[in-house]
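Here are some notes to read alongside the structure. Please keep the model open as you go.

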Amino acid sequence: MADIRLIEVKEEILSDNKTQAVQIRNDLRAKKVFLMNLMASPGAGKTSLILETIRGLKDAYRIGIIEGDIDSIVDAEKVTREGVPAVQLRTGGFCHLDAPMIGMALDEMDLENLDIIIIENVGNLVCPAEFDTGAMRNAMILSVPEGDDKPLKYPLMFSICDVLVVNKIDYLAGSDFDMAIFRDRVLKLNPAIRIFEVSCRTGEGIEAWTEWLAGEVKSLST
Amino acid sequence: MHELSVMDSILKVVLRHAASNGVEKVVAVGLRIGKLSDLVDEWMQHYFDYLSKGTVAEGAVLKIERSPVIFKCKACERDFPVEMAEIRTVACPACGSGDITLIAGREYYIKNIEVV
């Protein structure tokens, strides 16, 4: 019987995805296009925040959207109504977007005439956290009705994001959501994260968010 | 939930190394996966079995080792492991500081393959 040999592999499993993600980031940086990956659970307000962001920044920047939510063109239609190009990825039952999928979407977009591309990732706080999409910044939304315990349940998501938007703060009154405890839990996992408290419904806090985003886009050109 | 794409990536790496080493059969795959990953061992094996049918890696056993979640204390600079169940109340065991940061626990590392 043949002897069993051991071959050292020593590779990160998601190395293919990472390599492609780095490639996407470098290509877009050279073209001065800012790519942001937006993640959240279903109903947290991804589409609402994207629409508010478009309204706040469309006079200054050319914006495009990659819609990754599962098999629906509803979100893409809402976005194109704002006069912004959107590519709908048909992800079927897929639970996340990865760098090859984003690469395919970018091939469909007019990159020479865009400043910002926002990826609306699949609504899920688990799987999207594992895959680098090639975005320059990872952003997530947590809405007040979801509860202040979510950093304890989904620590990976909170630890990989550069920025956190707490949406639906107009629901804070009369809820059990404790913002101080929530912030403390988040900052423990990720001390560098930027946190914005907003309400897409009332518009509160949206300006601080769009100013931050504009600052990130400007820093690409310097 | 995304076992299929993760296992597909693992299989690709395994088959690449098997081909470049002239391997007849892969009998085991050694993996190190961070405890922050939510992938369950049994399901990883099921998906691997499904994807590897008809390849040299068919029937290979996944030997999965879980690497700990490690935090670093910013006050006294010490590293310390934390169980997922304790992540709620985590503080530095040396100095008691709550000013800590996550430094490891989300890796997907393929260590080696056992082959004939």
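Which residue in β2(B) is the bridge partner of Ala28(B)?

1. The partner is Val61(B). Keep in mind that this is a predicted model. The two strands involved, β1(B) (residues 26-34) and β2(B), pair in the parallel sense. Their pairing runs over 7 bridges.

2. Now widen the view to the sheet. It is open and has 4 strands, in the order β1(A)-β6(B)-β1(B)-β2(B). The pairing is mixed. Two strands stand at the edges: β1 (5-12) of chain A and β2 (61-67) of chain B. Each has a single partner strand, so one side of each is left without a neighbour in the sheet. From one strand to the next, the twist averages 15°.

3. Next, the helices on this sheet. Helix α1(B), residues 3-20, lies across β1 of chain A and also across β1, β2 and β6 (108-115) of chain B. It runs at about 45° to β6(B). Helix α2(B), residues 41-52, packs on the sheet too, touching β1 and β2 of chain B. The direction of α2(B) makes about 145° with that of β2(B).

4. Last, a helix pair in chain A. The axes of α2(A) (residues 46-57) and α8(A) (residues 206-220) come within 10 Å. They cross at roughly 70°, which means that α2(A) is roughly perpendicular to α8(A).

5. Who meets whom in that pair? From α2(A) come Leu49(A), Glu52(A), Thr53(A) and Leu57(A). They meet Ile206(A), Trp209(A), Thr210(A), Leu213(A) and Ala214(A) of α8(A). The contact residues divide into 6 nonpolar, 2 polar and 1 charged.

Conventions
Residues are numbered from 1 along each chain as its sequence is written. Chains are lettered from A and ligands numbered from 1 in the order in which they are written. This is a predicted model: local features need pLDDT of at least 70, side-chain atom pairs count only at pLDDT 80 or more; totals for chains, interfaces and linings use all residues. Side-chain values use heavy atoms; hydrogens and water are left out. Two strands pair if DSSP finds at least two bridges between them. Axes are lines fitted to C-alpha atoms, for helices over the stretch in contact, and angles run from 0 to 180 degrees between N-to-C directions. Contact means heavy atoms within 4.5 Å. Angles under 35 degrees count as roughly parallel, over 145 as roughly antiparallel, 65 to 115 as roughly perpendicular and the rest as oblique. Ala, Val, Leu, Ile, Met, Phe, Trp, Tyr, Cys and Pro count as nonpolar, Asp, Glu, Lys and Arg as charged, and the others, Gly among them, as polar.
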